[in-house]
Amino acid sequence: MITKDEVCKVQTMTEAEKYVLLKDVIIDYEKKESNLIQVLHMAQAIFGYVPAEVQHFIADQMDLSVSKVNSVLTFYSFFSTQPKGKYSVSICLGTACYVRGGKEVLNKLKSVLGIDVGATTDDKVFSLSVMRCIGACGLAPAMTINNKVYKQVNPNKIQRILGMLK
Amino acid sequence: MINLTINNKAIQVEEGTTIFEAAKHHNILIPHFCYMENVHQIGSCRICVVEVEGGRNLMASCATAVKEGMIVHTNSERVRNVRKVIYELMLSDHPKECLSCWRNQNCELQDLGNLIQISEFRYEGAKSKDIIDTSSPSIVRDSSKCILCRRCVTICNEIQGVGLMNPHHRGFSTFIGPSEDELLGESVCTNCGQCVLVCPVGALKEKDSTAITWEALYDKSKTVIVQTAPAVRAALGEVFGYELGTLVTGKMASALHELGFNYVFDTNFAADLTIMEEGSEFLERVKNAFTAPEKDAVLPMITSCSPGWIKFMEHRYPDQLSHLSSCKSPHMMLGALTKTYFAEKMNIDPANIFVVSVMPCTAKKFEITRPEMFNNGLADVDAVITTRELGRMIKDAGIDFRNLPDGEFDSPLGLSTGAADIFGTTGGVMEAALRTVYELVTGREFPAANLHIVPLEGLDRIKTADIKIENPLEAYSFLDGVTVKVAVTSGLKGAAILLDEIKKGISPYHFIEIMGCPGGCISGGGQPRPVNDAIRTKRLEAIYREDEGKIVRKSHENQDILLLYHDYLGVPLGHKSHELLHTIYTRRSKN
């Protein structure tokens, strides 16, 4: 079985090595269609996202159509077909964060970064996504950047927070 | 047995029956939309919801099994209100361009709106999708009209095993089709058109070829020649209100003459020719297998008339392509002969001949674009129109189809035998081939009542037969006592089962017939809607009636075929045949 440590080494791997690792993952999961979601999880861990070429590779290896793989992949918001930026910015739009102004923060993020939800800036520094309740309602509206939580954000704080990262 | 009450009627049905079926068997019709009996019953559209006493939510009757003591209401105030709301919500994301939609008045969404008395649209809002994919030569996908019923998903995955049509993304962003980066025309789509056949709205349709056909008909410099496939005559009548299974061969020939085609030929003629070529090819392979092992004859041989099946094979089983007969499909043969044999005979420049094939098939639209289907730079066939498209052209031309006299096909490519007629249905090509091959081998007529090989008929997925050869002619003495095993399947899932056997080296058969669409060409992707097993059976019976009505029912007894060999082709599998009537296949990628 592929271990977590092996997946953690992906930063230093070449593309070819990543495909070899993914192939091993698929064999570990016995090429079963019912394991497709797990395989996609691992593929995203290895490549950071699941682009069309990786979808093709998985489909061929698991004897599925690309369309089938893409169908499952695009259903779940966890999976991404676009590369993530250096900083993954997520804003919570759960009920508490929403009523406390999460939507305005999101709009500010969109205009400052110049991208839509699910996209990455051209310089590959920021990507933007939306979450549904991260259990930090007391900190609403909450935002995370690479899993670090920023509490009670508002549109005026956005420039400063992002500026501190670059 | 289960006892329940539907609309205050006490009903007894077998366990496992759905509420929908129980109601139907007792003359209670529940409005429904995506339901297709035994094919698609997953409640995806929610139109068939009913109220079950004690249940909190309404239930989709097509996907809910009956329970003892259930009290069901199909027409309560709540059900009728909810049904309308569901319909209106569907419509809120559907363009209301009905007047210019090709499905106008032949649309299940319109029919449903009429049935449940919709008189207003209360919801208007954003439209979710606007992808129009015209990349395929066979099928156009207009996702703006898709109402996400998922029938095509079921057909493409469960029945055909192709797996191209799937839902992508979710919620309001959902669309159905190949994945985002894929185009139909560049995908593994086999062009079988079964998705087009089941689409209730205008989201999936055949690529129009009527416009170029009209253009050719109006072009005075062109000799425009039409040919019609065996299955068309058994279904075209449905477009003009005839009872299911009515043969309209004569009226169809008249209508084609009235449309202005210079010659009306019959693909059936080339079906007889296919039997001569394919039967000879089979006998040659068998002979080599039994007497010349060094030639590595490849058996089982598989029929090659169905272009949807061919493309499926090229994608999925590229290593098994040598099992395919090298014969072109009948209409391609006829096209090639029209631009050579016929052109020479009539002294017409083949460049000025425009050949139109009327086919029950959408995959034929792709087939004519294959580079192998060109001869001296000219396409064997210039346009393929489906049975539905022909129906539209006849109506558009103001031809009173029902009052036409019965016409005839033109000579010399119009005469056919009963063996050719049955090409239109599953099992037909095999039966036609065996009628000829058996006689060539033994010198005697095939020993079956009325020439029908009963185990190969009908709609079962895989059908097989054993034919024992006794006392053959001397040239085939090596076959004495041999049992020839044949198999027939229709629908690509069945094809995959037989091909997997071949791949594993455990296929017991010598000869296999495969048609891409379930039931064969009678329910091809270009046939009139709707299609279900009851309708397939009616069309199938019509095809066999056409066969039985012929005096000559064996391809090798078609006098015009014999004349063609005598005057032009020489012998089956000869040099000219190889040039005009045979083809090669292409290895394609799995995805």
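## The opening hairpin of chain B

Two strands pair if DSSP finds at least two bridges between them. In this predicted model, strand S1 (residues 2-6) of chain B meets that condition with strand S2 (residues 9-13) of chain B, because five bridges join them in the antiparallel sense.

Within this pairing, B:Thr5 lies opposite B:Ala10 in S2(B). The hairpin of S1(B) and S2(B) leaves two residues between the strands, and B:Asn7 adopts a positive phi near 50 degrees there.

## Domains of chain B

Chain B is divided into domain 1 (2-92), domain 2 (128-206), domain 3 (210-269 + 331-403) and domain 4 (276-328 + 416-525 + 547-581). Taken over C-alpha atoms, the centres of domain 3 of chain B and domain 4 of chain B are 26 Å apart.

## Where domains 3 and 4 meet

On the domain 3 side of chain B, 22 residues are in contact with 18 residues of domain 4 of chain B. Helix H9 (267-291), helix H11 (330-346) and helix H12 (363-367) of chain B are the elements that each give two or more residues to this domain 3 side. The most come from H11(B), with six residues. By residue class, the side of domain 3 of chain B that touches domain 4 of chain B comprises 15 nonpolar, four polar and three charged residues.

## Contact between the chains

The contact of chain B with chain A involves 15 residues from chain B and 13 residues from chain A. On the side of chain B that touches chain A, four residues are nonpolar, six are polar and five are charged.

Definitions and conventions:
Residues numbered from 1 in each chain as written. Chains lettered and ligands numbered in written order. Predicted model: local features only at pLDDT ≥ 70, side-chain atom pairs only at ≥ 80, totals over all residues. Helix = DSSP H or I, 4+ residues; strand = E, 2+ residues; numbered from the N terminus. Contact = placed C-beta atoms within 7 Å. Nonpolar A, V, L, I, M, F, W, Y, C, P; charged D, E, K, R; others polar. Domains from an automatic or database assignment.
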